[in-house]
Amino acid sequence: EETKESEEEGGKEDEMKKDEVGAIDKRCEEKGDIIAEMKAEIASQNEQISSQQDIINAQGKQLEKLSEIVQKMQESQAAAAAMISTLRTSLNVRVIQMHAN
């Protein structure tokens, strides 16, 4: 009878351990799902960051081109100002020559 009781207790203990292991397995599975979701979210954020970096790089190239255009415009302006100054000087010389004659 004692053996029967200890076998029953052992069976109950085994059943409790199985339930406990099952509960632990379920929690691990749930945590695994959460980790998978977090990894997917991180991957999505990495894609967004990469896309934003591409946009920033493209904008940087556009700024370089704009800077070159502005520099050329400034050079053209300086050349035009020099030409205007030369023309004024030339015109002033002619006016003086006309008055002298």
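Some ground rules. The model is predicted: local features need pLDDT of at least 70, side-chain atom pairs count only at pLDDT 80 or more, and totals for chains, interfaces and linings use all residues. Residues are numbered from 1 along each chain as its sequence is written, and side-chain values use heavy atoms, with hydrogens and water left out.

Start with the fold. The chain has one helix and zero strands. Helices are DSSP runs of H or I, at least four residues; strands are runs of E, at least two; both are numbered from the N terminus. Helix α1 covers residues 2–100.

Now the shape. Along the principal axes, the C-alpha atoms fill a box of roughly 150 × 10 × 10 Å.

What share of the 101 residues is buried? The answer is 0%. Buried means under 20% relative accessible area, exposed over 50%, partly exposed in between, with a 1.4 Å probe and protein chains only.

Next, two patches. Like charges are joined within 9 Å, nonpolar side chains (Val, Leu, Ile, Met, Phe, Trp, Tyr) within 5 Å.

The negative patch holds E8, E9, E13, D14, E15, D19 and E20. E8 sits in helix α1. E8 is partly exposed, at 47% relative accessible area.

The nonpolar patch is L63, L66, I69 and M73, about 420 Å². M73 is also in helix α1. M73 is exposed, at 52%.

Methods
Patch = residues over 30% accessible without salt bridge, like charges linked within 9 Å, V, L, I, M, F, W, Y side chains within 5 Å. Areas by Shrake-Rupley, 256 points an atom, 1.4 Å probe, with all protein chains shown as cover. Salt bridge = Lys/Arg side-chain N within 4 Å of Asp/Glu carboxyl O. Lys, Arg positive; Asp, Glu negative; His and termini not counted. Charge placed at Lys NZ, Arg CZ, Asp CG, Glu CD.
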